[in-house]
Amino acid sequence: MKFFIDTANLEQIIEAQNLGILDGVTTNPSLMAKEGIKGNENILAHYQRICEIVDGDVSAEVISTDYNGMIKEGEILAKLHPRIVVKVPMIKEGIRAIKYFSGKNIRTNCTLVFSPGQALLAAKAGAYYVSPFVGRLDDISFDGMELVAHIVNIYKTYDFKTQVLAASIRNPIHIIKALDAGAHVATCPLDAILGLLKHPLTDIGLQKFLEDYSRVTS
Ligand code: E4P
């Protein structure tokens, strides 16, 4: 399973990249706004900076909701860097845009996916990634990870090449459940990634090893 970081924060991206386990980055307009990135030129420059830091795919989201606007924006984003994946919302015009991009070999990430039917349309249009939002479904008392497993199963049965990118991941348990569900990718906040490191027995064990070592060497 590939591991993406879900942020537009450069320090966090660098920290994850330096761990040596990062396969890519996802951003969205809210994450860009959180970093105070405003204006088209600054937004494009920020994506470029992210692409220079990581080796993997970087999802950059279009803001337009009409077909022509999405095409125009997506083509500009795709030209920025070969690792850019154009993120397109799961709406009717978005599906048309994904179909257009797939014909031009521009990779897409279909975002805001909350049902198997939406995932089917994204795959049929030729999306490279589909992003079911796990946490936001959990928030309204639906099982987000069940959706991930359902989509994985549909894509396997019908041999769709679209990769399932578990998004809206909130904690380390979500990451492990995404593995179990067969997701191709999980995009996670840095805290959730670092949370995987934690186990009290590791801390206790390490402390004991160091104490025993210092007893025989001092
Ligand atoms: C990433 O592709 C999504 O935009 C992101 O995971 C959404 O996460 P949130 O539901 O925590 O905002």
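Contact here means heavy atoms within 4.5 Å, and helices (H or I, at least four residues) and strands (E, at least two) are DSSP runs, numbered from the N terminus. The model is predicted: local features need pLDDT of at least 70 and side-chain atom pairs count only at pLDDT 80 or more, whereas totals for chains, interfaces and linings use all residues. Residues are numbered from 1 along each chain as its sequence is written, and side-chain values use heavy atoms, with hydrogens and water left out.

The fold contains a closed barrel of eight strands, which runs 1-2-3-4-5-6-7-8 with parallel pairing; two strands count as paired if DSSP finds at least two bridges between them. From one strand to the next, the twist averages 30°. Angles run from 0 to 180 degrees between N-to-C directions, and axes are lines fitted to C-alpha atoms, for helices over the stretch in contact.

Three bridges join strand 3 to strand 2 (residues 24-26) in parallel, with Gly 24 opposite Asp 57. Four bridges link strand 3 to strand 4 (residues 84-89), also parallel, and here Val 58 faces Ile 84. In a regular strand the side chains alternate between the two faces of the sheet. In strand 3, Asp 57, Ser 59 and Glu 61 on one side and Val 58 and Ala 60 on the other are all buried, that is, under 20% relative accessible area with a 1.4 Å probe and protein chains only.

Strand 3, helix 4 (residues 67-80) and strand 4 form a right-handed β-α-β unit; with the strands pointing away from the viewer, the path from the first strand over the helix to the second runs clockwise. Helix 4 also packs against helix 3 (residues 40-53): their axes come within 10 Å and cross at roughly 35°. At this crossing, Leu 44, Tyr 47 and Gln 48 of helix 3 meet Ile 76, Leu 77 and Leu 80 of helix 4.

Conventions
Buried < 20%, exposed > 50% of the residue type's maximum accessible area, 1.4 Å probe, protein only.
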